[in-house]
Amino acid sequence: MAEAIANGIESRNIDVKALSFYDVKPEDLNDAEAIAIGSSTFYYKMLPPMEKFINETLASSDPKGKIGAGFGSYGWSGEAPVMIAEKMREMGMNVIDPVLRILHKPTDKDVEECKRLGIDIAEKLKHRKPKV
Ligand SMILES: Cc1cc2nc3c(=O)[nH]c(=O)nc-3n(C[C@H](O)[C@H](O)[C@H](O)COP(=O)(O)O)c2cc1C
């Protein structure tokens, strides 16, 4: 899903990195003007290492005012992307609504939907007012 979102962003000529959160460096977050975070739903929540990443690494990167998006695969209840979006909102990010949730493994049509989210992120970035 992350790669398809990144493809959508790239298709609008905007630089993007799709990374495992384990490999994210503080400068990746500092440099980013938009951040999309994904987690599948396990036991009605996001994956605990992702929650730790958001609470500690993302929160300390000063994400206020940046564009945010939550996404994830799920099996029946799909709370994780909604929880990611809530946390982003609490940090003052401009979160894209609705979150992107895909049931189980993405189909070709789902991949297109992921790409569409990437295009939405890219369009929002292009129409943002420059920082003063
Ligand atoms: C132990 C376990 C717990 C799960 N709990 C939930 C859940 O509470 N809600 C839900 O929507 N899906 C749940 N799922 C389904 C997963 O979210 C789903 O299979 C998802 O596609 C996994 O994506 P991933 O392989 O990218 O982690 C659970 C799956 C497992 C194996």
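Author: What follows is a short tour by topic. The model is predicted: local features need pLDDT of at least 70, side-chain atom pairs count only at pLDDT 80 or more, and totals for chains, interfaces and linings use all residues. Residues are numbered from 1 along each chain as its sequence is written, and side-chain values use heavy atoms, with hydrogens and water left out.

Reader: Ligand first. Which residues are around the ligand?

Author: Ser 40, Thr 41, Phe 42, Tyr 43, Tyr 44, Ser 73, Tyr 74, Gly 75, Trp 76, Ser 77, Gly 78 and His 104.

Reader: Which backbone atom lies 2.7 Å from an oxygen atom of the ligand?

Author: A backbone N or O atom of Thr 41. A polar backbone atom of Ser 77 is 2.6 Å from a ligand oxygen. A polar backbone atom of Tyr 43 is 3.0 Å from a ligand nitrogen. A polar contact here is a pair of N or O atoms within 3.5 Å; within protein, one must be able to donate a hydrogen and the other to accept it, and residues adjacent in sequence count only if both atoms are side-chain atoms.

Reader: What share of the ligand does the protein bury?

Author: The protein buries 65% of the 650 Å² that the ligand exposes when taken alone. Areas come from the Shrake-Rupley method with a 1.4 Å probe; for residues, only the protein chains shown count as cover.

Reader: Which residues form the nonpolar surface patch?

Author: Phe 42, Tyr 43, Tyr 44, Leu 47 and Trp 76, with about 690 Å² of accessible area together. Patch members have over 30% relative accessible area and no salt bridge; like charges are joined within 9 Å, and nonpolar side chains (Val, Leu, Ile, Met, Phe, Trp, Tyr) within 5 Å. Phe 42, Tyr 43, Tyr 44 and Trp 76 are also on the list around the ligand.

Reader: Where does Leu 47 lie?

Author: In the loop between strand S3 (45–46) and helix H3 (48–58). Helices (H or I, at least four residues) and strands (E, at least two) are DSSP runs, numbered from the N terminus. The backbone nitrogen of Leu 47 is 3.0 Å from a polar side-chain atom of Ser 39.

Reader: And Ser 39, buried or exposed?

Author: Buried, with a relative accessible area of 5%. Buried means under 20%, exposed over 50%, and partly exposed in between (1.4 Å probe, protein chains only). Ser 39 sits in the loop between strand S1 (34–38) and S2. Leaving aside neighbours within four places in sequence, its contacts (heavy atoms within 4.5 Å) include Met 46, Met 50, Phe 71 and Ile 84.

Reader: What about phi at Tyr 43?

Author: Positive, about 50°, although Tyr 43 is not a glycine. Tyr 43 is in the loop between strand S2 (41–42) and S3. Tyr 43 counts as exposed, at 74% relative accessibility. Asp 62 has a positive phi too, about 60°, and is not a glycine. The place of Asp 62 is the loop between H3 and strand S4 (67–74). Asp 62 is exposed, at 56%.

Reader: Charges next. How many salt bridges does the structure hold?

Author: Seven. Each is a side-chain nitrogen of Lys or Arg within 4 Å of a carboxyl oxygen of Asp or Glu. One of them joins Asp 28 to Lys 17, with the closest N and O atoms 2.7 Å apart. Asp 28 is in helix H2 (residues 26–31), and Lys 17 is in the loop between helix H1 (2–10) and H2, eleven residues apart.

Reader: Is Asp 28 buried or exposed?

Author: Asp 28 counts as buried at 15% relative accessibility, whereas Lys 17 counts as exposed at 60%.

Reader: Which residue pairs with Lys 87?

Author: Glu 51, with the closest N and O atoms 3.9 Å apart. Lys 87 lies in helix H4 (residues 80–90) and Glu 51 in helix H3, so the bridge ties together parts 36 residues apart in sequence. Lys 87 is buried at 17%, and Glu 51 is partly exposed at 24%.

Reader: Where do Arg 116 and Asp 120 lie?

Author: Both are in helix H5 (residues 108–126), four residues apart, about one turn of the helix.

Methods: A residue is near a molecule or strand if one of its heavy atoms lies within 4 Å of it.
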